[in-house]
Structures are given as C-alpha cells and as structure tokens.
Amino acid sequence: MTVKTLKVLSEEVEDMGLAYAAAGGNTAVLHDHGVSSLVISGSKVLSANQTEGVELEKEETETGVNIKMTIKKGYRIPDPVHLCFGLIPEDGVQEINMDFIAEEGSAVELVAHCTFPNAVKIVHKMDAKMLIGKNASLKYTETHFHGPHGGIRVLPKAHIKIEEGGRYFSNFTLIEGRVGLLDFDYDVDAGKDSICEMVTKVYGKADDLIKVKEKISLNGENARSVIKSRLALTENAVSEFIGITEGHAPHARGHVDCMEVIQDNAKAEAIPIVRVDNPLAKVTHEAAIGCVDKKEVETLMARGLDEDAAVDVIVKGMLA
Amino acid sequence: MAVILTLKNLTLNRDGKKILVGVNLEIGDGEIHSIIGSNGAGKSSLAYTLMGLQGYEPEEGSILFNGEDIAKLSITERAKKGITLAWQEPARFEGLKVRDYLAIGAGGNGNITEEEIRSALRKVDLKPEKYIDREVGEALSGGERKRIELASILTMKPKLAILDEPDSGIDVVSLKEIVSLIQALKENGASVLVITHRKEIAEASDRASLMCEGAVLRSGDPEEISHFFINRCIPCDNRLYLQED
C-alpha cells in the first residue's frame, strides 16, 4: 500500500513537472535546494523549499492550500522564489489563499507558473493579500497555461498594500493555449513614495471570456503607478478591461494604458477610469482597440510571410 | 541590359480618382532607377501597386516581372519572387526585436547568422550592440526606424527592392549613406526602384523617370530628367504645359 502511494505520488510529481515545463517553467529550479520553491497539485503540497530570509507556511485544505510567505526584514533574496500551482486531471477545484508579507527593506521576485494542461472542467481560485513593507520590493510574475480545451474558470483576486517607499511590479501572462474564463480582480493601496506597475497580457481564442479589473488607489504623497494591459482576441473571444487609477494625494502620478487588438468576431471593451480628488495629483489614460495594424501586416508580407503568420508575429510581439 | 520589370498601360483608380494613368516603364536587371515628381504625382501609389497592397489593385495593364504577369499575385507571392518594399514611414511593431525583424526577411532565424544581422545593421550605420536587442517600435527616431527598415531589405536579398522615399527624415550627412546603401543593394544583385525627392539620389541612379499626374512623362539619363524636373516641371506643375513643350 505504501509502495503504491509512493508510486502515485511520484507520478504526480513527475506529471506536475511536465505541466510546469509546458507552462514555461524550468523544472531544475524546483529541485535546487538553494532556491525557495513551492509546488502544489490540487490541494496537495508536493514539495516546498525555503531559503534564508524566506519563511513559508502551508496548510492543505479540502479544496486547496493556505499559504503564508514572509520575506524577513532587510533580506534581499538573490534568486527568484518559484511557485508552481496546478491540476493535472481534466476536472477539479484548486483554491489558493495566499498571505504574503515583504517586511521592511526586503526584496524578492516571485515567479509563479499556474498550469492546467488538461482542463475541461476546472476552477482555479486565488485569493491573495500582499503587504509590501516600507522600502520593500516585490516583483511578481505569473504565467498561466490552460491547455487546448478552454474548460477552466480562473478567478485570481488580490489586495496589495504598498507602504512608504515600497515597490510592486506584477506581470500576468496568459498567451499560450486557451484562456477559458478569466476573472482577474486586483486592487492596490499605494502609500507615500511607492511605485506600482501592473502589466497584464492575455490572448483570447474561440469562446474565451476575459474580464480584467485592476484598481490602484494612490493614497500616499508622490505615489506613482502604471496599469498596462495588452489583450489580443480572435474568433469569438470577448474581453472587458477596467483599469482604475485614483489620485488622492499630492504629487501622485498614475497612468492607465490599454491596447487591444481584435480579429474575426471577437469583441473587446476597455474602460479606463481615472478619479482625482487632490488638485496636485495627476492621472492620465489611453486606450486603443482595433484590428491588427494593416501596414505592419503588409510589411511582413512584403518580407515573405503569409497573412496569418504576419498577424501571429504582430500579436505575439504585442504580448511579448 | 535584360529587363526585370515591365509595366504596360498600368491604370489605377481609387475612390473615383485616376491615380495611375497608363503607366509604361521598364526597369533593367541590376539597374538603380529613380522615380521623381511632385507630391501627388502618383509615385508612392506606383510603389504600392507594384507590391500589391490592398486597395492598389490596377484596373488595367500588366506588371511583368521577369516576363511573368504578377498583377494578380498577393503581396506574399510577390515577395517570394524576390520583390519587396520599404515604406516611407516604416511600421512600428511593438514588442518585435530588431534581430527578429531582420531575420524575417531572410526566412526566419534559422536562415541567417548573427553576424549577417549585425553586418546589415552596420551597413545602415547602426551599431549592432546598441540596436540588435531593441524593439523596432521602441521610441526610436524616424531616421533610426528608416535605417532598420532598409537593413531588413538587405537581409532579404531581394531581386527588386522598391524604396519609397528612403531619404525622407534623413539628414544631409546620412544621405550619402543612403546612396551607398542603394549601391550596396545593387552590388548584392538587386534592381532598385527608388522614389525620391533628392537630386543626390536621382543622380546616383542608372536611369530616372519623371512622373506627373499619374503617368510617366519621360525616362532617361538621371541628370537630364532631374534638370528638366527642377527647371520646367516645378515652375509649371501642369502636365498640359509639359506635353506642349
């Protein structure tokens, strides 16, 4: 029985490794004891490693895992912390509750790969609370891979608080395979002298439905932010982007930049919202939705690419 | 000299307006041929028609490339035969690296070496180490983007390069480099059809043609054509007068 359990576990680890690689991850880092990492399959923690300056607590629940990660005061973690979340079966639920703290003066990069290569009926929820302490820095890269079927609902929700002088950079990417349904909802409370940059890149196909809502409240003096969204839609995909930036403090500066390209019967809606209630704050926005630029397509065709290949190069460039 | 391109009675209408009016022209194999003329003469429209851009399908006439009528072929099909176009205002291409853009013309990264890409950048006077990993659309100046456009033509090694005002937005010093580049294209085996407003480029050509109101008025020695244009055509700006001349 024990042998069988170990064999099943070993297969699951191997399967997750393959799925992690399919999502663009480098499996070698998950076995490197000098690098912090966490691998979760469904509601099971398959492996966890923490290095100096990183405190990692995890608790398996019926449908997922509760995680508390703390980057200790003053530690600047030299290598990225690698996270792998996913489900190998066609159906199931995974709920990740993340409580992340970067203590004062710390710096870390989190590299997350969320992989659901066989998804037919899957729900992946993430509920995160993130605190970026005074003069701390978090760079958070999240790459998703959902396989070819589109049978997945991905519901990432996060509240991020950035204290004085803190820095938060996020980059969410979902461009390979299908999206399914994505309902992305992040909001940020930016303190004095803080910097926040949020980038979202998604490629919707077939009947994918993409909802992205990002809100940054510039609550501290001299807080700065950029919301940048790049969405490409083809076939019958639909997207709704809401980018909100509020300037509530003197010398706060914010910008919302949304660019979407659509093809076939795809539909896109972009709603940049800027609110300012401090006369010394300034928030700007730009949004563009259109088809792929004709001159760009024709230029690449004049170099020998056929039309589909040219469009593919342009869309992938925009999402790169 | 063998002829690579022959235009016979090429006619183009757009939005009810006559843009090209029975254009007849021959370009020799390995020839640098300038097209000069006033704004609105139909020079760029001729370039777009030769490349087969959408909206520039001729109503009448033929475009014979090495004896084959290509007037109905797509842009890609024409490119695969060795024809390419450099736009007056190059496209921006957000996110596309210069190295990848230059490789596309060569048929992809597998068909071109790093050194060939670097060499193409050096030929347009761009330092490879500074530009090769930058994005084509990344806040480059108009002149820099134009040079990258020309470098992408070099890596493609075309049989016929159509250059639409490669001199626009280029300073006087750089103009000499553009002339050198056009000659380099010729040395690489390309025929070059260059649309220009610059005397320096026209006079560096093997032959030149003058366009006015959608037609080629005369072709011949570049200095003579250039002289005629400057002294007779610009003050006149009236085709009827020229015909009476």
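In helix α2 (residues 294-301) of chain A, the residues A:Glu296, A:Val297, A:Leu300 and A:Met301 meet A:Glu307, A:Ala310, A:Val311, A:Val313 and A:Ile314 of α3(A), where two residues are taken to be in contact if their C-beta atoms, placed from the backbone, lie within 7 Å. The residues of this contact divide into 7 nonpolar, no polar and 2 charged (Ala, Val, Leu, Ile, Met, Phe, Trp, Tyr, Cys and Pro count as nonpolar, Asp, Glu, Lys and Arg as charged, and the others, Gly among them, as polar). The model is a predicted one, in which local features need pLDDT of at least 70 and side-chain atom pairs count only at pLDDT 80 or more, while totals for chains, interfaces and linings use all residues. Residues are numbered from 1 along each chain as its sequence is written, and chains are lettered from A and ligands numbered from 1 in the order in which they are written.

Helix α2(A) and helix α3 (residues 307-319) of chain A pack at an angle of about 120°, with their axes 9 Å apart; helices (H or I, at least four residues) and strands (E, at least two) are DSSP runs, numbered from the N terminus, and axes are lines fitted to C-alpha atoms, for helices over the stretch in contact, with angles running from 0 to 180 degrees between N-to-C directions. The two helices are therefore oblique to each other (angles under 35 degrees count as roughly parallel, over 145 as roughly antiparallel, 65 to 115 as roughly perpendicular and the rest as oblique).

The contact between the chains takes 18 residues from chain A and 20 residues from chain B. On the side of chain A that touches chain B, α2 and α3 each supply at least two residues, and α2(A) gives the most, with 7 residues. By class, this side of chain A has 8 nonpolar, 3 polar and 7 charged residues.

Chain B is divided into domain 1 (1-82 + 160-245) and domain 2 (89-157), with bounds that come from an automatic or database domain assignment. The C-alpha centres of these two domains lie 25 Å apart, and 10 residues of domain 1 are in contact with 10 residues of domain 2. Helix α7 (residues 172-187) of chain B gives the most to the side of domain 1 that touches domain 2, with 5 residues.

Also in chain B, the axes of helix α4 (residues 114-123) and helix α6 (residues 142-156) come within 9 Å and cross at roughly 135°, which makes α4(B) oblique to α6(B).
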